[in-house]
Amino acid sequence: MKKIFLLLTAAVLALNFQGLAYCSESEDNESLDVEATDIENAEENADYFSDYVSAGGYLAGVIEYIEKNYVGGEIDTEKLIAAAVAAMAETLDGYSEFYTEDEYEEFLHNVSNEVYAAGFNFVITEDYPQISEIIAQSPAQAAGLQAGDKITVINGVSTLYKSAEEVDAMLTKVETPKYAFTILRNSKTFDVNFDLEAVKVSSVFYKEMDDLLTVDKDTDWDEICYIQITAIGSGTAEEFKEALKWAKSKGMKKLILDLRGNSGGIVDEAVEICRQIVPAGRIMYTQDKTGNTEETFSDLQKTPFDEIAVLTNSMTASAAEIIASAIKESEAGFTVGQTTYGKGVVQTIASLPSLGMLKLTTLEYFTRNGNIINGVGVEPDITISSMSLVTENDELESEKVKDILNYLGYKVVTDSNAKRALATFQTAMGIPATVKLDAETINCLNLAVYARSQEHDEALERAFEELLKLN
């Protein structure tokens, strides 16, 4: 079995600018002057960019020109190159990007499913953030911090007039897991230093159906397990394994797997999840620019569930789409919800010596049956439309507004029905029955749509009903 080249696989990219065709300025600066003659000779100049060697020489000439002529301050060539690489990546797609060393460390931290926690909650006051609660057995408690303390400095930076978001960033986005606080207590200040604790953030959650829905106790509802995967980071496959153990201990035979809002993550982890629930056969395969393909397989002979319903929406993406498509195309289950996002490409990380890291789209992946995901997504077997919100540009007679009124329980067939339904809705909400989509009515409609969506999870309810039928 070939090993897939995955998202976080690091490759060292050696850059050697020696020997490049060098485009230097002439003594009279003609090569960099913008004149009509250059436009007339554009076809002649096109060979500057005919290949990467010529383009590299052209870029070297631009840097030389900047260094020799710029009078605004000292030139940092490393920063110029980093900016050029970042701009290159930005022009490619929405997934390729350049990281400085610090940015790359933050990227790795974000996919590790770990955060640093000091062990306290805070509120914003008129000047400094104030500790509102100390978590028992936390580093903050061990350091002697108390509820009511104000934090005036975090790691050398004043917190005066900082917003909650800014303070939260100062507490979580740290280069090293250490805090240096200045504390204000009873009109006196003192310094406190302590280490942070790495806390694992769960990405897999599991529940029994009666925790989520009102179920008929006479049905076989207790055979159905609900597992939600919110992200796919380091350790998610192991978390999923624990969820399966729980389901087995409960004697559950069917699964609702909720991937809604899961934007993906580490492909390797998604593949390992598939190997736990997808029957033997190909999971997916990747293809590089030269057409070389690599396949990944499941060798699972007996699946843990008789049937799986996968919940998806438009924000189900990337590695999560691998799981959804593998379950669907292996006929281990069916999908319910909306078409997924459609990110069917894989990025690899290349090290740029003395500069940073380049995340580059290098592979496209295809489903078990060879279908394209990128730009297409995984279509649901059972579609549950998401309800749009009303805007000031919508008209009462539009199908969108009629659908919303129907969704809220007001039967609408004709335009006159829509007017009566809207008047009834306005009266029920205690607002003037203007029979118009004025600002107050739009706000009430959108709040009602949101409230109903929170009260009734239609995709979950439909998946549950379908699984009950399959006995």
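Colleague: What am I looking at, an experimental or a predicted model?
Modeller: A predicted model.

Colleague: Okay, rings first. How many aromatic pairs does the count come to?
Modeller: Eight aromatic pairs. One of them joins Phe-120 and Phe-181. Their ring centres are 6.1 Å apart and the planes stand at 75 degrees, so this pair is edge-to-face.

Colleague: Where do Phe-120 and Phe-181 lie?
Modeller: Phe-120 is in strand S4, residues 120-124. Phe-181 is in strand S8, residues 178-185.

Colleague: Is Phe-120 buried or exposed?
Modeller: Phe-120 is buried, and Phe-181 is too.

Colleague: How do the rings of Phe-181 and Phe-194 sit?
Modeller: Their centres are 5.6 Å apart, with the planes at 90 degrees. The angle is over 60, so the pair is edge-to-face. Phe-194 belongs to strand S9, residues 188-195, while Phe-181 is in S8. They are 13 residues apart, and the pair links distant parts of the chain. Both residues are buried.

Colleague: Switching to charges. Which ring does the charged end of Lys-343 sit over?
Modeller: The ring of Tyr-95, at 4.5 Å from its centre.

Colleague: And what does Arg-452 lie over?
Modeller: The face of Tyr-407, with 5.0 Å to the ring centre.

Colleague: New topic, strand S16. How many of its residues are buried?
Modeller: Six of its six, across residues 307-312.

Colleague: Which residues are on each side of S16?
Modeller: One side has Glu-307, Ala-309 and Leu-311. The other has Ile-308, Val-310 and Thr-312. All are buried, so both faces are covered. In general, side chains in a regular strand alternate between the two faces of the sheet.

Colleague: In what sense do S13 and S16 pair?
Modeller: Parallel, over five bridges. S13 covers residues 254-258. Ile-256 has Ala-309 of S16 as its bridge partner.

Colleague: What about S16 and S17?
Modeller: Those pair in the parallel sense as well, over five bridges. S17 is residues 333-337. There, Thr-335 is the bridge partner of Val-310.

Colleague: What does the chain pass through from S16 to S17?
Modeller: Helix H10, residues 319-329.

Colleague: Is that crossover right-handed or left-handed?
Modeller: This β-α-β crossover is right-handed.

Terms used
Residues numbered from 1 in each chain as written. Predicted model: local features only at pLDDT ≥ 70, side-chain atom pairs only at ≥ 80, totals over all residues. Heavy atoms only, no water. Phe/Tyr/Trp six-rings, centres within 6.5 Å; stacked < 30°, edge-to-face > 60°. Helix = DSSP H or I, 4+ residues; strand = E, 2+ residues; numbered from the N terminus. Buried < 20%, exposed > 50% of the residue type's maximum accessible area, 1.4 Å probe, protein only. Lys NZ or Arg CZ within 6 Å of the ring centre and 35° of its normal. Pairing = 2+ DSSP bridges. Right-handed = clockwise from strand over helix to strand, strands pointing away.
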